[in-house]
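Please keep the sequence and the model in view while reading.

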Amino acid sequence: MNPGARLGGAALFVAAVAAAAALVHFAIVLLVPVVASHDAYARLAELGPPGATVALPRGAPGEKRFPWADPAIAASVCRFDLSAGPVRVKAPIGRAGFASISFHTRRGAVFYALTDRAAAHGWMEAVVVTPAQLRVLVAHDDEDNPTQDLRVPSPTVEGFVVMRAFSELPSLYEAASQQVQMMTCATEPPP
Amino acid sequence: MVFKAIAVGAIGLALGVAASGSILVDPPFGGVTIGAWRVAAKAGSIDADPYTRAALARSGEIPLALGEGLELVARVDSSGRALDRRCVYRVGSHTPAARYWTLSLTDAEGFPVDNAAGRYGFRSSEILRDGDGGFSVYVSEVVHSGNWLPIGHVDTFTLALRLYDTPLAATAGAGGIETSSVPTIVREGCA
């Protein structure tokens, strides 16, 4: 074998290794969200059943379930399952500070969010629906008496809603914690 | 030939797995760098890139929605050097526009670090300010006067700046976050 051919063989080998590595890498990146058994939804499922509002653990040393949690924020969560009907979410705004609710798919991605600026009469409120439920609801809407509901279509049948409240001072954390636990997620009759 | 094919497969697999492991802890794409800080442009949204989605599924993080606020993370100082627990850093003196902000310290995975002072972060609503409304937070292992954010018992740490209810987009420059608006992280000295 002449030196040129040997070099060509080595280059081919390196290229094949690189191609195999890239293939493995892309496969892993794309498969991780599908096969991840301990994603946010799975961790939340350990806290309580769908429909129940449960407090999220506060960001503190030794609390290893939900990374990047702000210690100044009190948060609660309810999981929803739209297969039995739309879910009405109501969350109270506080005396002061910032409060918000975010709507997440089964995989954790946000599909909608509301802050206390959008609250009416002291509450943030929305109805989570499937696209099919939304079509039925809209078809039955009374044109003379339009609905006041904010309808939020969810890309997935299951998902979760997170409420956050900011505590302006450490001594106000407890009040923020009580505030977020007043969120309700109630299943409504199918339209 | 068969041996070569097996070698290509084995080395490719090892390299592909190795490349995926580290990249999913700190995804390098889908974000922008502003000064010492990185912000994931679409961290929580449905159209996040596959790397961000995979990292989310693995970490269990519940991301902030764009409408709620922005999360900026620094793993380096303003000179680009990795944050070092043996050094003293001054973080200040202003932040991009937001209703509230918090600055907290976590380990590399985003969890608060145990420290004797029990201090994991500062809120904009509790911080001591200087005469012209600016602030300085001192990040160090040993006690520091003023706003002291202890590093605690950890080898590598990160700083997280959260902007709640901000009108800014998660992009750098005009319409987004100007480099001149983010806090600088200045290394003051090392033990």
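## A loop residue with positive phi

B:Asp165 is partly exposed because 19 other C-beta atoms lie within 10 Å; a residue is buried with 20 or more such atoms, exposed with 12 or fewer, and partly exposed in between, the C-beta atoms being placed from the backbone. B:Asp165 is found in the loop between strand 9 (157–164) and strand 10 (184–190) of chain B. Strands (E, at least two residues) are DSSP runs, numbered from the N terminus. Although B:Asp165 is not a glycine, its phi is positive, about 55 degrees.

## Basis of the model

This is a predicted model, in which local features need pLDDT of at least 70 and side-chain atom pairs count only at pLDDT 80 or more, while totals for chains, interfaces and linings use all residues. Residues are numbered from 1 along each chain as its sequence is written, and chains are lettered from A and ligands numbered from 1 in the order in which they are written.

## Further backbone features

A:His121, in the loop between strand 5 (110–115) and strand 6 (123–129) of chain A, has a positive phi near 55 degrees and is not a glycine. A:His121 is exposed, because 6 other C-beta atoms lie within 10 Å.

In chain B, a cis peptide bond with omega of about -5 degrees joins B:Gly92 and B:Ser93. B:Ser93 belongs to strand 4 of chain B. Most residues other than glycine have a negative phi, and most peptide bonds are trans.

Notes. Helix = DSSP H or I, 4+ residues; strand = E, 2+ residues; numbered from the N terminus.
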